Amino acid sequence: MTGVTRWTGREAELLRQAMRKKGKDFAELVGVHPRQVPRWKSRGETIVLELDNQAALDTLLAQADPAVQQRFAALLTERAAAQHDERAEELLRADPRTSRHPVDGKVMTLVEEGIYLSGPENRSVWLDSYLIDVYPTTNEDYAVFVLATGHRPPQHWPGGHCPVTLATHPVVWVTWHDATAYARWAGKALPTARQWEKAARGPRGRVYPWGNEPTAAKANTTEAGIDATTPVSRYQSGVSPYGVFDLCGNVWEWCSTEEEPGNGRYHLKGSAFTSPVERAAPSLQNAANATMKDNDTGFRCAATP
């Protein structure tokens, strides 16, 4: 990611957060008075920065470490997904992997074609390119689908209506058939087990999305002690090499791959808040009957580029 079309105070603040700098240190890097940084933060999108400030921020972002650039893109993605923010979407176009789907409006990222390491044995597998949702399908997303199609709502919605407090949490109590119906309505599909795993592990086959160590603080697993779902954008330090969130913990996710042809059982990936972090490794296999539904099972979608 090298430069953006137009910097406002809001994007400058997101870059400061991505760089994990205090206001004074960030001001020194940009070459402005320290009082400017809190002013940018408070004015947000209402203030367009001077051209020399924009050039300085462009240079700062272009020269930043890849980890900083990834955090900056993740912050923009989170804002776009949570607020349907057109400005954030414009900036995200600087990263050609990211786009918003025209039907359900979810931010998706491109996983390039190529070989990745698959399964516990790390077998080399080739996959064509595909798009996958950056976040799991939320209750809010699913509510749009229910309203549009008349599909039955999940059993945990009071009176059949999406709870405001769970709007950004992954939808649960959905069967494989429910998830497939949503995907069909959106013009997408459930990811295959291999697509899901590559999005989580990256082309080099990380054990976990964030690396090779089972770091419990990076996912909503039993070690967190929350014992419930969390907002899909919460665990920013646990994103995969493709910038995809919640591929470990929070909820199990349905895949389109059948365990064995014709047996009616489909792969589940990623583990949930009910699972220990060791069980969250994306290479591990789990499956359930297509009619199964539970408070820790949801899904996300994939699509062709």
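Tutor: A definition to begin with: angles under 35 degrees count as roughly parallel, over 145 as roughly antiparallel, 65 to 115 as roughly perpendicular and the rest as oblique. Helices (H or I, at least four residues) and strands (E, at least two) are DSSP runs, numbered from the N terminus. This is a predicted model, where local features need pLDDT of at least 70 and side-chain atom pairs count only at pLDDT 80 or more, while totals for chains, interfaces and linings use all residues. Residues are numbered from 1 along each chain as its sequence is written, and side-chain values use heavy atoms, with hydrogens and water left out.

Student: OK, at what angle do helix 7 and helix 8 pack?
Tutor: At about 75 degrees, with the axes of helix 7 (residues 139-149) and helix 8 (residues 176-185) 11 Å apart. Axes here are lines fitted to C-alpha atoms, for helices over the stretch in contact, and angles run from 0 to 180 degrees between N-to-C directions. Helix 7 and helix 8 are therefore roughly perpendicular.

Student: Which residues of helix 8 make the contact?
Tutor: Asp178, Ala181, Tyr182 and Trp185, facing a set in helix 7 that includes Tyr142 and Phe145; contact means heavy atoms within 4.5 Å.

Student: And where do the axes of helix 2 and helix 4 come in?
Tutor: The axes of helix 2 (residues 23-30) and helix 4 (residues 51-62) come within 9 Å and cross at roughly 100 degrees. Helix 2 is therefore roughly perpendicular to helix 4. Phe26, Leu29 and Val30 of helix 2 meet Asn53, Ala56, Leu57 and Leu60 of helix 4.

Student: Switching to strands: how many bridges join strand 3 to strand 4?
Tutor: 5, and the two strands (residues 114-118 and 123-127) run antiparallel. Strands pair if DSSP finds at least two bridges between them. Ser118 stands opposite Arg123.

Student: What about the turn of that hairpin?
Tutor: There are 4 residues between the strands, and Gly119 in the turn has a positive phi of about 75 degrees.

Student: Last topic, pockets. What volume has the largest pocket?
Tutor: About 330 Å³. On a 1 Å grid over the protein atoms alone, a pocket is an open set with protein on both sides within 12 Å along at least five of seven lines, and lining residues have an atom within 4 Å of a point. Grid points are joined across faces, edges and corners, and a volume is the space filled by probe spheres set on the points.

Student: Which residues lie nearest its centre?
Tutor: Gln70, Arg71, Gln236, Ser237 and Val239, out of 16 lining residues. Helix 5 gives the largest share of that lining, 5 residues.

Methods. On a 1 Å grid over the protein atoms alone, a cavity is a set of points where a 1.4 Å probe fits but cannot get out, and a pocket is an open set with protein on both sides within 12 Å along at least five of seven lines; lining residues have an atom within 4 Å of a point.
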